[in-house]
Amino acid sequence: MGRRRDVRFVSSGVKLPSASAPSPPPSRAPAPALLTAALPFAHIGRAIDSAARRLGACLPRVPVARADQAPPGPPPPSRRHGKDAGGGDEERVLISEVAVRGKDGEPLERPELEAAAAGALRACRPNAALTVREVQEDVHRVVESGLFRSCMPVAVDTRDGIRLVFEVEPNQDFHGLVCEGANMLPSKFLEDAFRDRHGKIINIRHLDRVIKSVNGWYQERGLTGLVSYAEILSGGILRLQVSEAEVNNINIRFLDRKTGEPTVGKTQPETILRQLTTKKGQAYNRAQVKRDVETILTMGIMEDVTIIPQPVGDSNKVDLVMNLVERPSGGFSAGGGISSGITNGPLSGLIGSFAYSHRNVFGRNKKLNLSLERGQIDSIFRLNFTDPWIDGDNKRTSRTVMVQNSRTPGTLVHGGDHPDHGPITIGRVTAGLEYSRPFRPKWSGTLGLIFQHAGARDDKGNPIIRDFYNSQLTASGNAYDDTLLGKFESIYTDSGDHSSTMFVFNVEQGLPVLPEWLSFNRVTARLRQGYEIGPARLLLSASGGHVEGNFPPHEAFAIGGTNSVRGYEEGAVGSGRSYAVGSGEVSCRMFGPLEGVVFGDYGSDLGSGPKVPGDPAGARGKPGSGYGYGVGVRVDSPLGPLRLEYAFNDKQARRFHFGVGYRN
């Protein structure tokens, strides 16, 4: 009998463009094309199902032979098995033999391909009564194996019954890959995916996994991109088309703080745009845009920042619309604090403050701060002008100009005053210029030049050069010491959290430009490391330093107090040319904003107290080393953590400590 091709199914080709995106609701702006593009090979099954449904709908419900060619009367009983056992309307046809052949009807050159196709068949078995739907389902399974371009079932009448032949067309052997549009994707990613596939049959299932992994690579990195088109070219060359969303333009829009309506902003647009790492023409990276939002917020001049992508026509480009709500530029404020250098009397250390600040001078994010602090002894006047990013610099270098006139207690070094001798204060007039810039993502550095005119005064404000113990108060022997300091500081911070890793290294060098100016070198370092231990947190910190050269005694390292060794008064452990302080704390959240703390501190002047000019520590009987331990509570507040701690020292003395903010 002749071959009958009335029942056949050809799989969808390998050339599969992405499915068109559904139309967005009228109330919403259409999303960028890449945000809605479909995965190409994820639709193979659905394409086959759709074709199969169309095929089933157009076929007459008869056995394999067409109605116009079949002899009159019912078909032979040996070949007709009746209706679908499930009660359906499809008629069944008895199949005597099932075979897999090539497209031309000849055996396949590769036996493993024939075995793969035969292994995919489920319903089609010799001597089985089959419906057209069951044959179509097996065709579906053969194509889903990923090895064949097409599969066509052909019914052949033979003397022994109907022979069902699945004529398959294998995919080409893989001989190369062409990937277009993948500007962000590393070439090694695809090289590794196809490294062992050369010369082997192209497997669509493997290709589908590769495409999903490519799309996943973009998704994991916050990039908007995917494989939008794939096809097999002649010669076994795979072609992948990758679509990446590209930033077309960045538009800035200022919104009113109260109404949310567009308004005129005070900030210069270029001041905002230079902060962005996202640039026009780059691939749209959601994670990068999120970091840009955080960067703009850290400028301190914006109350709210949002960046909204909007599509540009039918292209893969997006416009970024940045909505900005500005904070008030600045104004006057008043507050208070506590001096760490005053230890006698519950109210003697209180300080009142008055300040004016402008955080966006000229609309260029330049900062102006003018402040005055005044206490019973303390008096500090500061003027700071900071440019966070110097114009024309591409390294994000900042510049700070500073002028300060201060009068602070000298009790840290010259404490333990005799009843017949009033307290000593240290007067300083300071002016300086500093440049700072980030070196790496977690490293930053500062270079500066600072001039200082400093000396000691008595309780009436008169300059003095010796204290009650006849210890010198200046290095030069004059009423005031003049110093020009060259400063270098490097800071490493793992994150903004207080329990994260931090390292600070600082070097100051006195430059004797004039013979009477002081010349000394001071090196300090601080290290902090936190660990999470279940619900508790362990915080370890250490600091140390050394001064070499001619320096005034009030510049010695003071050890002891709230930010040093708790359990001692401020500076009561010692004051030396060198020092080392270590601390350990275990804290645990109790309830609400309240946190409990257990701590221990140790500090030493490393035997350098007598080397300080005038030996102020020896004259006052400071031990030079000591430790303290205790418990405390902390409460989060708008001013920062409020710390109340109760400590014991190695002399069995007890002391309360109160502080605002974290320890240095």
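The structure holds zero disulfides, a disulfide being a pair of cysteine sulfur atoms within 2.5 Å. The sulfur of Cys124 lies 9.1 Å from the closest cysteine sulfur, that of Cys151, which is too far for a bond. Cys124 is buried, with a relative accessible area of 1%, and Cys151 also counts as buried, at 0%; here buried means under 20% relative accessible area, exposed means over 50%, and partly exposed lies in between (1.4 Å probe, protein chains only).

This is a predicted model, in which local features need pLDDT of at least 70 and side-chain atom pairs count only at pLDDT 80 or more, while totals for chains, interfaces and linings use all residues. Residues are numbered from 1 along each chain as its sequence is written, and side-chain values use heavy atoms, with hydrogens and water left out.

## The largest nonpolar core

In soluble globular proteins, nonpolar side chains tend to be buried together. A nonpolar core is a set of buried Ala, Val, Leu, Ile, Met, Phe, Trp, Tyr and Cys residues joined through side-chain atoms within 4.5 Å. The largest one has 25 residues, of which Val142 and Phe166 touch the most other members. Elements that give two or more residues to this core include α3 (111-120), α4 (132-144) and β6 (148-158); helices (H or I, at least four residues) and strands (E, at least two) are DSSP runs, numbered from the N terminus.

Leaving aside residues up to four places away in sequence, Val142 touches Ala117, Ala120, Leu121, Phe148, Cys151 and Val168, where contact means heavy atoms within 4.5 Å. The buried residues of α3 are Leu113, Ala117 and Ala120. They cover an arc of only 60° around the axis, which puts them on the same side of α3; the arc is that of the directions from the helix axis to the C-beta atoms. These buried residues of α3 pack against β4, α4, β6 and β7.

## Aromatic pairs

A search of the whole structure finds 12 aromatic pairs. Rings of Phe, Tyr and Trp (its six-membered ring) pair if their centres lie within 6.5 Å, and planes under 30 degrees apart count as stacked, over 60 as edge-to-face and the rest as tilted. The rings of Trp443 and Tyr492 have centres 5.2 Å apart and planes at 55°, so this pair is tilted. Because Trp443 lies in strand β21 (residues 443-457) and Tyr492 in strand β23 (residues 481-493), the pair ties together parts that are 49 residues apart in sequence. Phe468 and Tyr469 form an edge-to-face pair, 5.6 Å centre to centre with 90° between the planes.
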